[in-house]
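Here's a quick tour of one model, starting with a couple of annotated positions and ending with a pair of packed helices. Have a look at the structure first.

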Amino acid sequence: MKKYNFNAGPSILPREVIENTAKQLLDFNGSGLSLMEISHRAKDFQPVMDEAMALIKELLNVPEGYAVIFLGGGASLQFHQVPYNFLVKKAAFLNTGTWANNALKQAKFFGEALEIASSKEANYTYIPKDWNIPADCDYFHITTNNTIYGTEMRKDPDVKVPLIGDMSSDIFSRPVDVAKYDCIYGGAQKNLAMAGVTFIIVKEDKLGKTGREIPTMLDYRTHIEKGSMFNTPPVVPIYSALETLRWIKRNGGVEAMDKLAHQRADLLYGEIDRNKLFRGTVAEEDRSLMNICFVMNDEYKELEKPFFEFATEHGMVGIKGHRSVGGFRASCYNAMSVEGVQALINCMKEFEAKH
């Protein structure tokens, strides 16, 4: 039976990315050594790093003056590293979910972290629209996609202060106007690579302005200067990122990924809205194209476990919703096929017919 991976992260990767990376684990570039055991300073690995950085810039149309670096620690480390490098006195935050709230909390170690708007009172079921950013803020931080709650901002906001975005779960799924941001970051384990590496796109001339001394490892300039090789980088995740970036380019770039994201989401949300058993959990205008959350309608609540078991038996993997929302979550990242979404829809229709 074919299985379809709807896990929220670590999540689905293109099959050819997995296979090509696996080959290099056995013998990297014909060297007779595994990718897992080579030196990051080996002459064969430097081109991997260079090409991966170049492809990020190409696929996202990154303007001149921005650096791309790969680090460890996940997006959670960036909740510290961003304010270390950018926060002087005060930063503004749009609180749209768990990760946005965590970024806000960690920034308080470095200065004032101002929550300008929040949807917490409604269990993060919408993206706040009416907010005002004080002009004296050092930056405005947003989380563009909220994996747990299923909301997403697919347009880059126009603001009058520096903008910083956590794009862990929707990067490369849509065109991004990088020039609007001073920094974009994210964990790779959704649309970019296996877990273990974090990407950062940062405007170089905005660094070194805080007036504070920054520990060497937490200073973005350290890693820019050393080409992400100040210390040993996670070579296998970076290689898998390279293979994914190549795959995105071969398949039409982020514009094509954006089109597929809409196609998948239109199909699945259409079934959620049609099917008598289910309903969506967030405001329609803020529905995520990456993490599609839905629950049983109240009168069919007792069918939640049976549907989960039924879908699992039919090859649907990872569709259980986060405990904060309940129900179901179908994560439809770039590597998810329309076929996979249709298979889930068929399960929903068949289960409806039975009940």
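## Around Q189

In this predicted model, Q189 sits in the loop that links β9 (183–187) to β10 (198–203). Leaving out residues up to four places away in sequence, Q189 touches G9, P10, S11, M194 and A195.

## Around T147

T147 is also a loop residue, found between β6 (145–146) and β7 (151–152). Its relative accessible area is 7%, so T147 counts as buried, the cut-off being under 20%. Setting aside residues up to four places away in sequence, the contacts of T147 are W99, S169, K190, N291, R329 and Y333.

## The annotated set

Both residues turn up in the UniProt "binding site" annotation, which comes from an unreviewed entry and covers A75, S76, W99, T147, D166, Q189, N231 and T232. These positions span 158 residues of sequence and are spread in space too, with C-alpha atoms up to 30.6 Å apart.

## Two helices packing

Now for α2 (residues 46–59) and α6 (residues 235–250): they pack at about 40°, and their axes are 9 Å apart. That angle is why α2 counts as oblique to α6. The crossing of the two is left-handed.

On the α2 side, the contact involves V48, M49, E51, A52, L55, I56, E58 and L59, which meet I238, Y239, L242, L245, R246, I248 and K249 of α6. By type, that contact has eleven nonpolar residues, four charged and no polar ones.

Key: Residues are numbered from 1 along each chain as its sequence is written. This is a predicted model: local features need pLDDT of at least 70, side-chain atom pairs count only at pLDDT 80 or more; totals for chains, interfaces and linings use all residues. Side-chain values use heavy atoms; hydrogens and water are left out. Axes are lines fitted to C-alpha atoms, for helices over the stretch in contact, and angles run from 0 to 180 degrees between N-to-C directions. Helices (H or I, at least four residues) and strands (E, at least two) are DSSP runs, numbered from the N terminus. Angles under 35 degrees count as roughly parallel, over 145 as roughly antiparallel, 65 to 115 as roughly perpendicular and the rest as oblique. A crossing is left-handed if the near helix is turned anticlockwise from the far one by less than a right angle, and right-handed if clockwise. Contact means heavy atoms within 4.5 Å. Ala, Val, Leu, Ile, Met, Phe, Trp, Tyr, Cys and Pro count as nonpolar, Asp, Glu, Lys and Arg as charged, and the others, Gly among them, as polar. UniProt positions are given in the numbering used here, feature names are shortened, and annotations may be inferred rather than shown by experiment. Buried means under 20% relative accessible area, exposed over 50%, partly exposed in between (1.4 Å probe, protein chains only).
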